[in-house]
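Work through the exercises below with the coordinates loaded. Each task is followed by a solution in steps.

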Amino acid sequence: MKLIISVLLLFLTLQSFAQNDDLRKMIRFQNKYKSYQLEDLKEANYDSVVILSIKNMNIKRVPKEVYKLKNLQYLDLSGNCLRRIPNRIKKLERLKILFVSQNKLKRISCGVTKLDSLFMFCANKNRIRSISSNIDLLDQLGTFELSNNNIRRLPSSLSNLENLTKLSLKSNRLNKLKIDFSRLSNLVYLDVSKNRLSTLPKNIGNAYSLEVCEAWGNQLTQLPESFGELLSLSKLLLHENKFELFPVTVTKLNRLREVTFFHNNISYIPNEIGAMEYLNTLNLSKNKISTIPDALTQLNYLDFLDLSENKLKYFPKVLLRLSDLKSLDLKENKISKIPSDIDQMKSLRILNLSETNIDKLPATLFEMLNLQYLYLDKDNFPTKVQEEIKKKKGEVYIYFK
């Protein structure tokens with residue numbers, strides 16, 4: 001079983017890599033060339049070394065042998081104790097991939113900005129406070145990862161990286177996102193989660209290639225109108241912000257498949273949501289929603305709906321018409337009754353009704369052929385009733401919480 005799971009995880013990882021051109025290039029490198037370790041250099045012909053990994057060795061300085069590797073294209077220095085990257089790294093003129101994550105770097109050296117063949121640079125989990133204003137010298141850069149650092153400001157030159165496809169700035173200290181998205185027309189993935197942003201740039205709609213936008217864990221209350229122009233967007237994560245209204249501009253993005261707005265202050269779902277025809281996953285938990293619009297029935301591809309921890313007093317009848325819905329979470333609402341025609345939800349596999357006021361179950365619930373998991377509040381059902389329910393369960397796994 002462990003082997004099957006490992007193979008599956010590897011397959012899923014490679015599938016996600018394949019969505020990014022730079023990651024595809026990285027995989028080709030790993031398949032084409034031998035990977036050397038630091039101890040291998042003693043016996044190696046330096047000219048033959050293309051890939052070098054010096055990971056998790058607690059080194060404090062880049063070994064001097066590294067600068068002699070004229071053909072080096074892939075260098076991994078992750079998981080060490082490096083406080084700086086010497087300017088001498090510019091000697092590695094053919095370097096294309098550089099990993100320096102999980103070190104103690106405070107800045108990106110000028111030497112790095114002179115690696116004009118570099119297309120992937122990952123420096124997550126450091127102590128970086130600033131990005132060099134010369135960063136635009138890396139005009140081949142496609143993947144730029146700087147998550148979990150201490151960055152407060154972005155240089156305007158960052159907007160000149162026209163080949164950038166992935167930009168990750170998660171978990172920094174950004175108050176403003178000073179990026180001219182009109183120059184980043186190739187950007188596919190943007191992660192600015194867990195910062196201090198109260199707004200996004202007005203011209204973010206110019207990033208028309210954007211497919212994934214993660215901006216959760218900020219202080220956002222609204223989105224710029226141009227956001228509705230991101231017509232390639234398929235994944236949008238805006239949970240843990242300060243939204244009081246569901247942004248109508250999002251409903252213009254009819255290619256969206258996954259949207260998260262949980263842990264906001266939203267009390268109303270607009271009818272325009274029905275235009276998001278390919279939506280597969282919608283998470284609106286931990287809000288203040290009390291009613292569900294009929295327009296939700298237009299979401300024919302919706303598989304996963306989370307409305308837990310809201311203000312619902314009744315089981316929303318409109319949900320019965322979502323015949324293709326597979327997972328429904330209504331946990332921690334004030335619902336007291338399940339409609340007898342719940343069996344209309346023919347595809348439902350998971351139903352969470354824990355921490356509600358429901359104390360009776362309709363017989364039709366046990367006639368739902370695809371239902372596999374049912375969660376109920378144990379405080380609402382005496383022990384004897386729980387045992388009786390479990391006897392009726394058939395193929396349904398029932399959990400009393």
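The model is predicted, so local features need pLDDT of at least 70 and side-chain atom pairs count only at pLDDT 80 or more, whereas totals for chains, interfaces and linings use all residues. Residues are numbered from 1 along each chain as its sequence is written, and side-chain values use heavy atoms, with hydrogens and water left out.

**Exercise 1. The chain as a whole**

Task: State how many helices and strands the protein chain has, and what share of its residues counts as buried.

Solution. 
Step 1. Helices (H or I, at least four residues) and strands (E, at least two) are DSSP runs, numbered from the N terminus. The protein chain has 4 helices and 17 strands.
Step 2. Buried means under 20% relative accessible area, exposed over 50%, and partly exposed in between (1.4 Å probe, protein chains only). Of the 401 residues, 52% are buried.
Step 3. Accessible areas come from the Shrake-Rupley method with a 1.4 Å probe; for residues, only the protein chains shown count as cover. The chain exposes about 20,400 Å², and carbon and sulfur atoms supply 45% of that area.
Step 4. Along the principal axes, the C-alpha atoms fill a box of roughly 75 × 50 × 30 Å.
Step 5. A contact means heavy atoms within 4.5 Å. Among contacts between residues at least 6 apart in sequence, 26% join residues at least 24 apart.

**Exercise 2. The second largest pocket**

Task: Give the volume of the second largest pocket, then sort its lining by class.

Solution. 
Step 1. Rolling a probe the size of a water molecule over the atoms shows where empty space is left. On a 1 Å grid over the protein atoms alone, a cavity is a set of points where a 1.4 Å probe fits but cannot get out, and a pocket is an open set with protein on both sides within 12 Å along at least five of seven lines; lining residues have an atom within 4 Å of a point.
Step 2. Grid points are joined across faces, edges and corners, and a volume is the space filled by probe spheres set on the points. For the second largest pocket this gives about 200 Å³.
Step 3. The lining consists of Lys60, Arg61, Val62, Cys81, Arg83, Arg84, Pro86, Arg88 and Lys104.
Step 4. Ala, Val, Leu, Ile, Met, Phe, Trp, Tyr, Cys and Pro count as nonpolar, Asp, Glu, Lys and Arg as charged, and the others, Gly among them, as polar. The lining therefore has 6 charged, 3 nonpolar and no polar residues.

**Exercise 3. Cysteines**

Solution. 
Step 1. Cys213 is buried, at 1% relative accessibility, while Cys110 is partly exposed, at 36%.

**Exercise 4. Positive phi**

Task: Find where Asn56 lies and where Ser171 lies, and say whether each is buried or exposed.

Solution. 
Step 1. Most residues other than glycine have a negative phi, and most peptide bonds are trans.
Step 2. Asn56, not a glycine, has a positive phi of about 50°. Asn56 sits in the loop between strand S2 (51-53) and strand S3 (74-76) and is exposed, at 54%.
Step 3. Ser171, also not a glycine, has a positive phi of about 60°. Ser171 sits in the loop between strand S7 (166-168) and strand S8 (189-191) and is buried, at 13%.

**Exercise 5. Loop residues and their contacts**

Solution. 
Step 1. Ser101 belongs to the loop between strand S4 (97-99) and helix H3 (110-113) and is buried, at 10%.
Step 2. Leu319 belongs to the loop between strand S13 (304-306) and strand S14 (327-329) and is buried, at 0%.
Step 3. Arg173 lies in the loop between S7 and S8 and is partly exposed, at 30%.
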